[in-house]
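Trainee: I have a structure open and would like to learn how to read it. Could you take me through it feature by feature?

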Amino acid sequence: MKPPPLRIHRPTSIDQTLDLLSEHSVSGKVLAGGQSLVPVLNMRLAAPSDLIDITGVSGLDELTVSGPEGQQEIAVGATVTHRQVERSVDIARANPLLAEALRFVAHPAVRNRGTTVGSLAHADPNGEMPMILALTGGSVDVRSRRGIRTLSAEELNVGPLETCLESDELITRAIFPALPAGSRAGFDELARRSGDYGLAGVGMIVDVEDETVTGLRCGFISVTDIPEVLDLGEVVSGTQIDEVAGVVSRVVDAVRDFIDPGGDIHATADYRRHLAGVIASRLFRRLCRTDNARIQGAQVHTAGNDAGNGTDTGADAGSGTGKGIENDTGRRRA
Amino acid sequence: MTADIGTEPTSTIRLSVNGVPHVLDVPDRKLLSDVLRQDLELTGTHVGCEHGVCGACTVQLDGDPVRSCLMFAVTAQGHEIKTVEGVGDDPENPADVQQAFIDCHGLQCGFCTPGFVTTIDAYIDENPNPTEEEAREAVSGNLCRCTGYQNIVSAVQRAAQLRAEGARL
């Protein structure tokens with residue numbers, strides 16, 4: 001048995017969960033899908049005395065798109081798996097960024113158990129979901145015996161693997177706003193192996209009105225400590241979408257100035273900085289293509305990214321030729 | 001193992017594996033992969049990396065492939081678990097996915113094979129006619145150090161073909 005000795009509690013209501021969290025606030029930990037926590041336990045990097053398994057708690061399985069057209073919100077309860085989010089046609093229509101980024105989260109077998117809210121609580125700077133929450137201006141609802149509060153992504157994320165949550169608090173759900181009409185969004189990352197942590201990844205939202213770019217926001221994975229959003233509206237606003245080639249280099253420079261990658265055995269900091277710029281450049285050009293006005297619901301992905309694509313785009317990034325990421329998303333099964 | 005019981009938290013659990021109900025006393029910390037192998041002697045489920053990367057321990061939970069090394073047996077209660085033995089347990093009469101591995105020479109040492117079989121068994125229900133690219137993607141979460149994957153990718157497509165033929169019979 002690899003995990004350290006521990007006791008597993010299986011509450012069935014939110015009230016019971018909050019009682020248990022309050023009682024075991026010193027060394028208790030919430031367990032949902034366990035796809036990040038159990039590896040940590042198996043490697044004995046953590047040894048909580050009590051795990052509170054919330055998968056049987058009623059009222060945490062909400063997965064809805066609600067609100068008036070144009071102001072819709074996606075609510076994802078704490079026990080909803082990545083796979084459920086990824087497979088929801090309503091969510092893909094309201095905010096295609098979620099499904100597009102989710103297909104980079106490990107592999108289907110991991111997404112079948114892992115929860116989206118769990119990823120937010122884990123706050124891994126290599127994680128896709130914390131960045132998507134920040135980039136889309138989302139928030140989380142948090143409960144404890146002491147009350148209820150709503151935290152923005154900025155408030156939630158304090159540092160790498162660190163949130164502002166108190167030990168007796170539970171994220172009950174996350175709220176991702178729908179993308180506004182006229183905005184175009186995309187996500188891409190490069191990893192050494194299919195489903196592995198990205199060496200660098202970029203999420204991007206481009207606002208377009210009357211064929212003119214009016215806004216640009218970027219979020220990053222693996223190259224910033226916390227998921228901060230870079231607003232490049234001033235750099236690109238007013239550019240016609242068929243003339244963005246002229247501002248791409250300024251976008252890339254701004255991205256490379258903003259991020260703060262670390263180097264490790266897999267890639268140097270300089271290489272990650274280079275990759276982030278390449279990915280941002282490709283995404284920006286793809287999203288600004290005149291034929292890339294958002295086709296709602298067109299980006300529902302049901303399968304994981306494959307090694308072939310990763311290698312392909314990796315070699316591409318090295319040579320700096322702009323082969324289309326658009327193919328990568330366009331050819332997937334809807 | 002037995003010495004641990006009594007000195008750490010344990011639970012009496014009910015597990016349904018390959019359609020058979022079991023009642024077991026296990027330490028809370030015991031992973032599903034270890035309970036399958038040690039307590040139920042279903043040693044077809046292999047344990048490789050034990051942190052979710054290699055895919056050798058993949059089983060189906062309510063029909064979906066999951067890593068049994070990333071799940072406590074206690075939390076598998078209330079779900080139906082299917083291991084490679086549940087896919088097919090008769091060498092004289094292999095299941096379609098197993099036959100496909102034989103047909104395509106999709107295994108060499110065989111250590112990773114049970115994880116591939118459980119993954120593919122679920123996948124071809126989801127996608128009955130995968131392209132080569134989709135087949136490759138479907139097994140991208142399973143590592144094999146022998147084959148170089150080409151024959152496994154072929155086996156995915158062959159398995160889909162065999163299942164379709166089986167459904168027509």
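**Reading the model step by step**

Mentor: Start at the end of a helix. Helix 3 of chain B is followed by B:His105, whose phi is positive, near 55°. Keep in mind that this is a predicted model.

Trainee: Which residues of helix 3 of chain B are buried?

Mentor: Buried means under 20% relative accessible area. In helix 3 of chain B, that holds for B:Asp96, B:Val97, B:Gln98, B:Ala100, B:Phe101 and B:Cys104. Their cover includes helix 2 (84-87), helix 4 (113-126) and helix 6 (150-168) of chain B.

Trainee: B:Asp96 is on that list. What does its side chain join in a polar contact?

Mentor: The side chain of B:Arg163, at 2.8 Å. Now look at the wider surroundings. Leaving aside neighbours within four places in sequence, B:Asp96 is in contact with B:Ala159, B:Leu162 and B:Arg163.

Trainee: Now sheets. What is the strand order of the five-stranded sheet in chain B?

Mentor: Read the order across the sheet, then the pairing. The order is 2-1-5-3-4, the sheet is open, and the pairing is mixed. Strand 2 (20-27) and strand 4 (64-67) of chain B are the edges, as each pairs on one side only. From one strand to the next, the twist averages 45°.

Trainee: In which sense do strand 1 and strand 2 of chain B pair?

Mentor: Antiparallel, over eight bridges, with strand 1 spanning residues 10-17. To see it, find B:Ile13, which stands opposite B:Leu24 in strand 2 of chain B.

Trainee: Which strands does helix 1 of chain B touch?

Mentor: Helix 1 (residues 32-39) packs on the sheet and touches strand 1, strand 2, strand 3 (58-61) and strand 5 (80-82) of chain B. Its direction makes about 110° with that of strand 2 of chain B. Helix 4 of chain B packs on the sheet too, touching strand 3, strand 4 and strand 5 of chain B. The direction of helix 4 makes about 30° with that of strand 3 of chain B.

Trainee: What about the three-stranded sheet in chain A: is its pairing parallel or antiparallel?

Mentor: Parallel, in an open sheet with the order 1-3-2. The edge strands are strand 1 (7-9) and strand 2 (28-31) of chain A. Neighbouring strands are turned by 25° against each other on average, direction ignored. Strand 1 and strand 3 (residues 50-53) of chain A pair over three bridges. For one pair, take A:His9: its bridge partner in strand 3 of chain A is A:Ile52.

Trainee: Next, the two chains together. How many residues of chain B are in contact with chain A?

Mentor: Count on both sides. There are 35 residues of chain B in contact with 38 residues of chain A. Then ask for the area. The chains bury about 3100 Å² between them, 56% of it on carbon and sulfur atoms. In chain B, B:Arg29, B:Leu70 and B:Glu137 lose the most area to chain A, together 22% of what that side buries.

Trainee: Is A:Asn42 buried or exposed?

Mentor: It has a relative accessible area of 3%, so A:Asn42 is buried. A:Asn42 is in helix 2 of chain A. Follow its side chain across to chain B. The side chain reaches the backbone oxygen of B:Glu50 at 2.8 Å.

Trainee: Where is A:Gln35 found?

Mentor: In the loop between strand 2 and helix 2 (37-42) of chain A. A:Gln35 is buried because its relative accessible area is 12%. Its contacts beyond four places in sequence include A:Gly114, B:Arg67 and B:Leu70. Compare sequence with space: A:Gln35 and A:Gly114 are 79 residues apart in sequence, and 5.3 Å apart from C-alpha to C-alpha.

Trainee: Last topic, cysteines. How many disulfides does the structure hold?

Mentor: Zero, over all chains. For B:Cys49, the nearest cysteine sulfur is that of B:Cys54, 3.9 Å away.

Methods. Residues numbered from 1 in each chain as written. Chains lettered and ligands numbered in written order. Predicted model: local features only at pLDDT ≥ 70, side-chain atom pairs only at ≥ 80, totals over all residues. Heavy atoms only, no water. Pairing = 2+ DSSP bridges. Helix = DSSP H or I, 4+ residues; strand = E, 2+ residues; numbered from the N terminus. Axes fitted to C-alpha atoms, helices over the stretch in contact; angles between N-to-C directions. Polar contact = N/O pair within 3.5 Å; in protein donor to acceptor, adjacent residues only side chain to side chain. Contact = heavy atoms within 4.5 Å. Buried < 20%, exposed > 50% of the residue type's maximum accessible area, 1.4 Å probe, protein only. Disulfide = S-S within 2.5 Å. Buried area = accessible area lost by both parts, 1.4 Å probe.
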